[in-house]
Amino acid sequence: MADTIDTDVAIVGAGPAGLFAVFECGMLKMSSLLIDALDEVGGQCAALYPEKPIYDIPAHPAIDAADLVAKLETQIAPFGAPRLLGRRVVGLSGEAGALTLTTDKGDRVTARAVIIAAGAGAFGPNRPPLDGLDAYEATGSVQYYVRRREDFRGKRVVIAGGGDSAVDWALALKDVAASIAVIHRRPKFRAAPEMAARLDEAAASGAIEMVVPYQLHGLEGEAGMLTGVTVATLQGEQKTLVADVLLPFFGLSMDLGPIAEWGLALERHHLPVVPATCETTMPGVFAIGDVATYPGKLKLILQGFSEAAMAAHAIHPIVHPGQALHFEYSTSKGVPG
Ligand code: FAD
């Protein structure tokens, strides 16, 4: 059902940066609203790697991505920010103090300021160019994300790719899958050295079959149910690996989608911002998290959190013109009961 909602700050994207922006806005007495194209909050953490531990969240030596999202939910609960989920923001118009967003479901949101926390935009996997791929995707024989390790118990899994995801998931699934084969076009992996060394160990012990230097060539099966994956060398040498599931990990495509049409300056699919405020080239419109760029930017969750704080402070004079903002620690202010 389409809604029309008015809020102080409309937040586009409910990944970790967008979620924390609700907290920062709330602490400065600004209402906010979250909009996300996905049906659940958490962005990449929820959609791509909920069961993976994250090790660089301050004060959490290790926290599973899904737990981080759950804790952010608890932290922002006092502010009761409404959410429009399963809705992509398609339009942005107006000026600072009076902006309007529209979604693909016909919602209209009016806001004093906008925070774009859209991550990689409408993120999607890079799909391998294989005949009949759609049918195998439809049955789950070809998947691009591991939501639950248990889904792969007893399965013959073929993983393709040479980066962190390929290596991490090969290691994480080897104890539940019936077999794991890793296809990569070169012997060297672009993964964290420690994980690459663990992959070598697993290969040496026979726990993982390394299929290098090979590339994906074709899929075998019937009615979308995979039975084998054909691989080939650059010289055309082919072989077929038995398989129930293929997991291609060729990275995410960065597609800002409608955001690229809003008249904001773009830099290689990112939104350049003023580092001190996170304001984009459009007054009243701010960008934080993975989508924002400036010299020295790190695409890390912790950086998105700090950008949320900076953007909220910069937005305060737009929402509360003429009111001085006295910097206060959360320990002095407390949070709403
Ligand atoms: P995202 O999490 O990408 O969320 C953006 C949201 O915006 C999405 O939910 C998307 O649906 C929504 N959106 C986009 N466009 C629109 C639109 N037009 N309308 C509505 N909604 C829209 N980072 C770390 O700091 N430490 C790690 O250890 C770590 N490990 C990682 C492991 C993996 C496998 C991956 C893939 C990433 C990892 N990252 C890690 C990166 C981290 O997940 C990202 O930096 C973080 O998710 C960025 O948060 P964000 O809120 O900016 O964007």
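A search of the whole structure, which is a predicted model, finds four aromatic pairs. The rings of Phe 20 and Phe 23 are 5.4 Å apart at their centres and their planes meet at 15°, so this pair is stacked. The briefing then turns to a sheet of four strands in the order β12-β11-β10-β16.

**Aromatic cluster**

- Phe 20 and Phe 23 are both located in helix α1 (residues 16-27), where three residues, about one turn of the helix, separate them.
- Phe 20 has a relative accessible area of 12%, and Phe 23 has 10%; Phe 20 is buried because its value falls under 20%, and Phe 23 counts as buried because its value does too.
- Phe 20 also forms a tilted aromatic pair with Phe 305, with 5.1 Å from centre to centre and 50° between the planes.
- Phe 305 belongs to helix α7 (residues 301-319) and Phe 20 to helix α1, so their pair ties together parts that lie 285 residues apart in sequence.
- Both Phe 20 and Phe 305 are buried.
- Through ring pairs, Phe 20, Phe 23, Phe 79 and Phe 305 are linked into a cluster.

- Strand β10 (residues 156-160) runs parallel to β16 and is joined to β16 by four bridges; Val 157 has Val 245 in β16 as its bridge partner.
- Helix α5 (residues 164-173) packs on the sheet and touches β10, β11 (179-183) and β16. The direction of helix α5 makes about 165° with that of β10.

Terms used:
Residues are numbered from 1 along each chain as its sequence is written. This is a predicted model: local features need pLDDT of at least 70, side-chain atom pairs count only at pLDDT 80 or more; totals for chains, interfaces and linings use all residues. Side-chain values use heavy atoms; hydrogens and water are left out. Rings of Phe, Tyr and Trp (its six-membered ring) pair if their centres lie within 6.5 Å; planes under 30 degrees apart count as stacked, over 60 as edge-to-face and the rest as tilted. Helices (H or I, at least four residues) and strands (E, at least two) are DSSP runs, numbered from the N terminus. Buried means under 20% relative accessible area, exposed over 50%, partly exposed in between (1.4 Å probe, protein chains only). Two strands pair if DSSP finds at least two bridges between them. Contact means heavy atoms within 4.5 Å. Axes are lines fitted to C-alpha atoms, for helices over the stretch in contact, and angles run from 0 to 180 degrees between N-to-C directions.
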